[in-house]
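Please keep the sequence and the model in view while reading.

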Amino acid sequence: MSRPDLLAYPTLKRAIDAVLASVALIVLAPPLAVVALAVAIALGRPVLFRQARAGRHGTTFTLLKFRTMRDVDESRGLVTDAQRLTRFGSFLRSTSLDELPSLINIVRGDMSVIGPRPLLCHYLDRYTAEQARRHEVRPGLTGLAQVSGRNELAWAERFRLDVHYVDSVRATTDVRILLMTIVVVLRRSGITAEGHVASPEFAGSRETVASPLAVTR
């Protein structure tokens with residue numbers, strides 16, 4: 001029999017997310033303004049990076065982050081992510097300051113504070129049925145995979161941890177992940193996979209079958 005507290009938490013979790021993100025946006029308004037100004041000076045406008053990502057049940061939303069890369073400019077040799085990523089942008093990524101605008105996504109209800117990270121929409125067709133279960137909850141600003149190795153983990157392991165989180169969502173787990181996130185950010189660990197600016201493209205699993213999300217986007 002399911003425990004009542006486990007059934008109630010997912011509903012309470014949304015309210016907690018909205019309150020925490022709203023308070024964080026107010027408290028962090030000064031550093032947000034400073035970072036926005038620094039991005040405008042270093043990289044120009046717009047200061048925000050917007051990209052379609054897959055959310056709960058595979059629905060699409062626009063993820064907000066601070067820009068960390070220059071625009072593509074073949075004449076200047078700025079084509080690949082590695083060429084476009086600036087030292088300033090690397091600093092924003094290593095400190096996770098580039099993620100702060102995603103608090104707006106949490107207030108809107110697109111994301112949660114804790115959950116599987118929101119990935120690119122074209123990955124939906126590449127998941128196995130089991131991997132696609134990561135979309136049964138809202139994507140998070142941080143999550144179990146992020147505090148367990150982040151981009152250093154292989155995709156299969158990240159998805160295994162995502163699904164494990166989906167099957168064990170509870171307040172104590174979220175608090176533990178949040179505290180572990182502080183440690184990971186301070187250590188600046190797992191930011192990039194070897195040989196990549198962030199992580200390699202997810203090409204799909206060998207056992208990939210049609211994901212139920214692929215036809216419900």
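Two residues are in contact when heavy atoms of theirs lie within 4.5 Å. In the protein chain, among contacts between residues at least 6 apart in sequence, 71% join residues at least 24 apart. The model discussed here is predicted.

## Overall architecture

The protein chain contains seven helices and four strands. Read from the N terminus, these elements follow the order α-α-β-β-α-α-α-β-β-α-α.

The chain has 217 residues, and 44% of them count as buried. Its accessible surface comes to about 11700 Å², with 60% of that area belonging to carbon and sulfur atoms.

## The nonpolar cores

The largest nonpolar core has 29 residues; those that touch the most other members are Val39, Phe66, Leu103, Ile106, Leu144, Tyr165 and Ile177. Two or more residues of this core come from each of helix H1 (4-27), H2, E2, H5, strand E3 (112-114), H6 and H7. The element that gives the most is H2, with four residues.

Leucine 144 illustrates the packing. When its neighbours within four places in sequence are left aside, leucine 144 is in contact with Leu161, His164, Tyr165 and Ile177.

Helix H7 comprises 17 residues, 171-187. At 1.5 Å a residue it should span 24 Å, and its end C-alpha atoms are 25 Å apart, which agrees.

Which residues of H7 are buried? They are Thr173, Asp174, Ile177, Thr181 and Val184. These residues lie on the same side of H7, because they cover an arc of only 90 degrees around the axis. An α-helix has 3.6 residues a turn, so residues three or four places apart point the same way. On the face of H7 turned away from the buried side are the exposed residues Thr172, Val175, Leu179 and Leu186. Just after H7, arginine 188 adopts a positive phi of about 55 degrees.

## Backbone features in the loops

The loop between helix H2 (29-43) and strand E1 (48-54) holds proline 46. The peptide bond that leads from arginine 45 to proline 46 is cis, with omega near 0 degrees.

Serine 96 is buried, because its relative accessible area of 14% falls under the 20% limit.

## Glutamate 152

Where is glutamate 152 placed? Glutamate 152 belongs to the loop between strand E4 (140-142) and helix H6 (155-166). Its relative accessible area is 58%, which is over the 50% limit, so glutamate 152 counts as exposed.

Glutamate 152 also shows how a separation along the chain relates to one in space. Glutamate 152 and serine 199 are 47 residues apart in sequence, while their C-alpha atoms are 7.7 Å apart.

Conventions
Residues are numbered from 1 along each chain as its sequence is written. This is a predicted model: local features need pLDDT of at least 70, side-chain atom pairs count only at pLDDT 80 or more; totals for chains, interfaces and linings use all residues. Side-chain values use heavy atoms; hydrogens and water are left out. Buried means under 20% relative accessible area, exposed over 50%, partly exposed in between (1.4 Å probe, protein chains only). Accessible areas come from the Shrake-Rupley method with a 1.4 Å probe; for residues, only the protein chains shown count as cover. The expected span of a helix is 1.5 Å times one less than its number of residues. The arc is that of the directions from the helix axis to the C-beta atoms. A nonpolar core is a set of buried Ala, Val, Leu, Ile, Met, Phe, Trp, Tyr and Cys residues joined through side-chain atoms within 4.5 Å.
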